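Biologist: I have a structure to go through with you. Can we take it piece by piece?

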Amino acid sequence: MGQKLTCISPIDGSVLAEREVLSTEAAKEVVARAKTAQVAWAARPLQERIDLVMAGVAKVGEMNDEIVPEIAKQMGRPVRYGGEFGGFNERASYMGQIAADSLADIEVGEDATFKRYIKRVPHGVVLVVAPWNYPYMTAINTVAPALIAGNTVVLKHATQTLLVGERMVAAFTEAGVPADVFQNVFLSHDTTSQLIAAKSFGFVNFTGSVGGGRAIERAAAGTFTGVGLELGGKDPGYVMEDADLDAAVDTLIDGAMFNSGQCCCGIERIYVVESLFDDFVAKAVKIVEGYKLGNPLEEETTIGPMANVRFADEVRAQIAEAVEAGATPLIDPALFPEDGGAYLAPQILVDVTHDMRVMRDESFGPVVGIMKVKDDAEAIALMNDSDFGLTASLWTQDVERAQAIGDQIETGTVFMNRADYLDPGLCWTGCKDTGRGGGLSVIGYHNLTRPKSYHLKKVTG
């Protein structure tokens, strides 16, 4: 028997699923089939590819009643929130709608002598390495536009969500996407790195940890393979004196705590102008005290376990270190009986500083630190005092002020009066240790294709 990947359910610590990884030779055969299939797939009319991808998306929707509890069992999100199909469908649909314009030839000029234009052509085989926290929505960000653009796709999903890739591929295959065009694989890290180093893929998209991103870049070094990386985050919110306070508290605290804080663009630190600080904190505490921590399969549960015990232990360590260094915890853990394992009480910290890991390292859990600030300059300095840059959430009634502040923030997306949302019309991107590249929007198509120029001289005499 070879190496196995094991999904441990955070609900009760039981083994939910096991899958044996492919040998290196078997993995190479998957890639070979994908390369062979890509030629015919790319030759199909664009609309046909769009229709087949959207049919696959619809098939995933038909499975939603099974998928929702399956997600809860794999990574702990409560069933009351209904799964991910809304965002999954929204993103794929938008990419289908803009495909013709995004992939259209760029006409440079034509006359009696010359015809010149730029095509966008697929890379070939795209490897998608998807994370567990939003296993369907994060995967479709690349899977849908990659297939629509004429690439074939090999999907490697996180061990914590082993069943997701199987579900997606089964749905797309049933909808008519050829089997070798979209394949799910179970791979070890070593085999994945070997495949990348061997130039097996035209493009690699990875969503996950900074360490994982570095491993992908090391494997791709010298191959000139395109790489898209969405890595860590420490997303800030800034509440100004003219903010709608209730809306700011509701949105930012939900952004910090939803999915047990396991959101790529979750709010991990909040800066509030002095005049609103006390009221903001009081309202935030009241919201969090109303949560119910428990089994995610039960409808009354509003916050489930973290996906893995080691993730919860990291958050516990950050909280304990901060408290020892002078932070004040505002949520009584007695309100949320936890087991010392994956179930973790949500926490709000004040009296925090940027000397504390909880305000600097990615927490990816149900904890948020809240700091008082004097003015925009202090808030901007603190928001930029981070190794990460995915999103920033600004709360004000003044659009021009938000734009001016946004121009000074080192981030991938600037939100005003909202947070923790991925708009498929905008490029999903980051800076600093959050990674590079960009998904969705017309730029997503640009990253999943390459330009090819045509300079055709009609007259030679």
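Predicted model: local features only at pLDDT ≥ 70, side-chain atom pairs only at ≥ 80, totals over all residues.

Biologist: Start with Arg91. Which helix is Arg91 found in?

Modeller: Arg91 sits in helix α4, which covers residues 85–103.

Biologist: Is Arg91 buried or exposed?

Modeller: Arg91 is buried, and it has no salt bridge. The nearest side chain of opposite charge is Glu90, 5.5 Å away. A salt bridge needs a nitrogen-to-oxygen distance within 4 Å.

Biologist: What lies 3.3 Å from a polar atom of the Arg91 side chain?

Modeller: The backbone oxygen of Met137. Met137 is also among the residues that Arg91 touches, not counting those up to four places away in sequence. That list also includes Thr138, Asn141, Leu422 and Leu440.

Biologist: Now Asp235. Where does Asp235 lie?

Modeller: In strand β10, residues 235–239.

Biologist: And which side chain of opposite charge is nearest to Asp235?

Modeller: Arg269, at 6.6 Å. Asp235 is buried and has no salt bridge.

Biologist: Change of topic. At what angle do helix α7 and helix α8 pack?

Modeller: About 40°, with their axes 7 Å apart. α7 and α8 are therefore oblique to each other. Helix α7 is residues 189–197 and helix α8 is residues 210–220.

Biologist: Which residues of α7 and α8 meet?

Modeller: Ser193, Ile196 and Ala197 from α7 meet Ile216, Ala219 and Ala220 from α8.

Note on methods
Residues numbered from 1 in each chain as written. Heavy atoms only, no water. Helix = DSSP H or I, 4+ residues; strand = E, 2+ residues; numbered from the N terminus. Buried < 20%, exposed > 50% of the residue type's maximum accessible area, 1.4 Å probe, protein only. Lys, Arg positive; Asp, Glu negative; His and termini not counted. Polar contact = N/O pair within 3.5 Å; in protein donor to acceptor, adjacent residues only side chain to side chain. Contact = heavy atoms within 4.5 Å. Axes fitted to C-alpha atoms, helices over the stretch in contact; angles between N-to-C directions. Parallel < 35°, antiparallel > 145°, perpendicular 65-115°, else oblique.
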